[in-house]
Amino acid sequence: PKAAQQIVLDLKGKLETSQMTIKSHKQLDEVEDALRALGYKPREIDRIVKQLDAKKPTEVLVKDALKLLGKK
């Protein structure tokens, strides 16, 4: 039982981090899709997505991406 408790404690932090990472990737994928639908080239999209803060909501990320694309 002690070993099982330790395993649960060890995995707890890793699972939360993994879920955040999955959510961040999903949001960035949605931003990429939105930019692609607007006609931006993959090269431009890749450059901009790398500069975004994935902790923000998707809507904010799209706005930020458009602002960055407008500054080129």
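The model is predicted. The chain has three helices and zero strands, in the order α-α-α along the sequence. Buried residues account for 25% of its 72 residues.

**Fold and surface**
- Of the contacts between residues at least 6 apart in sequence, 57% join residues at least 24 apart.
- The chain has an accessible surface of about 5800 Å², and carbon and sulfur atoms contribute 59% of that area.

**Nonpolar core**
- The largest nonpolar core holds 12 residues, among them Leu-28, Val-31, Ile-45, Leu-52, Leu-61 and Ala-65.
- At least two residues of this core come from each of helix H1 (2-37), helix H2 (42-49) and helix H3 (58-71).
- H3 supplies the largest share, four residues.
- Leu-52, a member of this core, touches Leu-28, Val-31, Leu-61, Asp-64, Ala-65 and Leu-68, leaving aside residues up to four places away in sequence.

**Salt bridges**
- The chain has three salt bridges.
- Glu-32, Asp-33 and Arg-36 form a salt-bridge network.
- In the pair Arg-36 and Glu-32, the closest N and O atoms are 3.7 Å apart; the two residues lie four apart in helix H1, so about one helical turn separates them.
- For Asp-33 and Arg-36 the corresponding distance is 2.9 Å; these residues are three apart in helix H1, so they too are separated by about one helical turn.
- Arg-36 is partly exposed, at 45% relative accessible area, and Asp-33 is partly exposed at 44%.
- Asp-64 and Lys-56 pair at 3.0 Å, N to O; Asp-64 is buried at 17% relative accessible area, whereas Lys-56 is partly exposed at 32%.

Conventions: Residues are numbered from 1 along each chain as its sequence is written. This is a predicted model: local features need pLDDT of at least 70, side-chain atom pairs count only at pLDDT 80 or more; totals for chains, interfaces and linings use all residues. Side-chain values use heavy atoms; hydrogens and water are left out. A nonpolar core is a set of buried Ala, Val, Leu, Ile, Met, Phe, Trp, Tyr and Cys residues joined through side-chain atoms within 4.5 Å. Buried means under 20% relative accessible area, exposed over 50%, partly exposed in between (1.4 Å probe, protein chains only). Contact means heavy atoms within 4.5 Å. Accessible areas come from the Shrake-Rupley method with a 1.4 Å probe; for residues, only the protein chains shown count as cover. A salt bridge is a side-chain nitrogen of Lys or Arg within 4 Å of a carboxyl oxygen of Asp or Glu.
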